[in-house]
Amino acid sequence: MKVLLTTLNSKFIHSNLALKYLYTVVAGGYFDVELKEFTINNDPEYIYSEILRGDYDMVCFSTYIYNVNQTMDICEKLKLADPSLIITLGGPEVSYDYVSFLKGHRYIDIIIRGEGETPFYRLCKAMLTHNRDISKIPGLAYRLDGKIYVNPDQEIGDFSKIPFPYKTLDIEDNKIIYYESSRGCPFRCSYCMSSIEKTVRALDIDRVRSDLGYFLYKKVPQVKFIDRTFNYDAERAYQIFKYLIENDNGITNFHMEICGDLLDDKTIALLSKARKGLFQFEVGIQSINPMTLAAVDRKDNVYPVLYAVSKIIELGNIHVHVDLIAGLPFEDYHSFEKSFNKVYALGADNLQLGFLKLLKGTKIRNEAEKHGYVFSPKAPYQVISNSYISAKELARLKMIEEVLDLYSNKGGFRNTLDYLLKDREPFNFFEELSSFYYENGFQHASHKKEDLYRILYAFDESCKEYLERDMDETLNFDAVKRFKKKGWEI
């Protein structure tokens, strides 16, 4: 029985930790299992050919909203080429509405629902038996003789028993290394799939130190925690921060998704001692509208979060990424403008303007009718409109998102943006810049950094109130700093 574990990552630098766990639980046994990862940018014909020529008996795909459509095209073609091939899916995109998914994709044989380690191990064992009976394996939904069967849900597994995968598999060069020290989330944000799981299971702190010590020893460039809320336990987070600061190798960067209002003064004081570049924090603020926050089951007082984030930014040694979500309940265009201005004013390194996705299994998707949601029926299920914001207004925010990313998040314009925003609201500025960008057709092509400077200069020239010489000098200063060229001219 030859088995392939595979997926389509969103970028080459990404890797799939879920597949590594699955490989680890069967490694060294009687199973002939291979792990190969592709990307959504690979030619589908290349992926199809690579899998087909492997002569596998079972192929298992890890599926997400960003890769499910391409994955299904490949699966359908594989089944046509080899009807005996067993095609198995796992991952968040198929763990809910699995019966309708199987009905709509007749070339899929098996779905592993939820955590995959135990069901996958038992599935591989069953495939080695004479009759391949999988009817007693919890967590599976499958097709047999044209009928669909759903086995009972699996019990929540003991996370601490899952081996550390990076001592079984080589650490990949030039890729972000993903690590998980806890599963689940204590919060119940209605748009998030992590809210579905009701418990948090964390690895023992000594195990975490050992795992992280291995990354430090290997001098991995970046380790990204996939814990849904890294600092859900403030004292546990403090101890991990302390270990990483005391054992810093001067190279490795650690990325964590944190809850801002759980950062206490003790932790902030400790973080002030960290090497610049050691930590990278992502904080989901999402909105400052109290009604909106309450409607999605978040704390309606956002100001403790804003205060804590501002303190971290003031330290100057931690890269801070903050998020806003457009399309949430009770957040109209003008309400979102207020959220944008407040969060932009924090001065974070990166402000991501995201758009709500009504994910399978989430509370907000089940309440879609209540808020008048219209959303794409295909992955990634992005909001089109709701009772509070129109489709055209969301499209307008998409325009703002593009120029925000180009001119603020990707860097190179900090001094110029600070100058231009001295006497105006950030949202209005990016709204005007996006109008200029689109009205002149700049959205139709990608642009080198040099071109972006010239576009911003042209925008400035079109705004009478910004014709002072100071603007020219500031933009030129940013350009020289970026390109390291003395006398660089707009």
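For the classes used below, Ala, Val, Leu, Ile, Met, Phe, Trp, Tyr, Cys and Pro count as nonpolar, Asp, Glu, Lys and Arg as charged, and the others, Gly among them, as polar. The model is predicted, so that local features need pLDDT of at least 70 and side-chain atom pairs count only at pLDDT 80 or more, whereas totals for chains, interfaces and linings use all residues. Residues are numbered from 1 along each chain as its sequence is written, and side-chain values use heavy atoms, with hydrogens and water left out.

Rolling a probe the size of a water molecule over the atoms shows where empty space is left. Here a 1 Å grid was laid over the protein atoms alone; a cavity is a set of points where a 1.4 Å probe fits but cannot get out, a pocket is an open set with protein on both sides within 12 Å along at least five of seven lines, and lining residues have an atom within 4 Å of a point. Grid points are joined across faces, edges and corners, and a volume is the space filled by probe spheres set on the points. The search of the whole structure finds 1 cavity of 30 Å³ or more, and the largest cavity has a volume of about 50 Å³. Its lining has 9 nonpolar, no polar and 3 charged residues, including Leu 17, Tyr 21, Phe 159, Glu 180, Arg 207 and Asp 211. At least two lining residues each come from α1 (17–26), β8 (177–179) and α6 (205–218), where helices (H or I, at least four residues) and strands (E, at least two) are DSSP runs numbered from the N terminus.

The second largest pocket has a volume of about 260 Å³. It is lined by 16 residues, of which Ile 110, Met 127, Ile 134, Arg 143 and Leu 144 are the closest to its centre. By class, this lining has 8 nonpolar, 3 polar and 5 charged residues, and strand β6 (residues 140–144) gives the most to it, with 3 residues.

Across the whole structure, 30 aromatic pairs are found, a pair being rings of Phe, Tyr and Trp (its six-membered ring) whose centres lie within 6.5 Å, with planes under 30 degrees apart counted as stacked, over 60 as edge-to-face and the rest as tilted. One of them joins Phe 38 and Tyr 46 edge-to-face, at 5.9 Å centre to centre and 85° between the planes. Phe 38 is buried, with a relative accessible area of 5%, whereas Tyr 46, at 40%, is partly exposed; buried means under 20% relative accessible area, exposed over 50%, and partly exposed in between (1.4 Å probe, protein chains only). Phe 230 and Phe 241 form a tilted pair, 5.3 Å centre to centre with 55° between the planes. Because Phe 230 lies in the loop between β11 (222–225) and α7 (234–246) and Phe 241 in helix α7, this pair ties together parts that are 11 residues apart in sequence. Phe 230 is buried at 1% relative accessible area, and Phe 241 also counts as buried, at 1%. One aromatic cluster includes Tyr 333, Phe 340, Phe 427 and Phe 459 among its members.

Charged side chains also meet rings, a charge sitting over a ring if NZ of Lys or CZ of Arg is within 6 Å of the ring centre and within 35 degrees of the ring normal. Lys 266 lies over the face of Tyr 238, at 4.3 Å from the ring centre, and the charged end of Arg 365 sits over the ring of Tyr 381, 4.8 Å from its centre.
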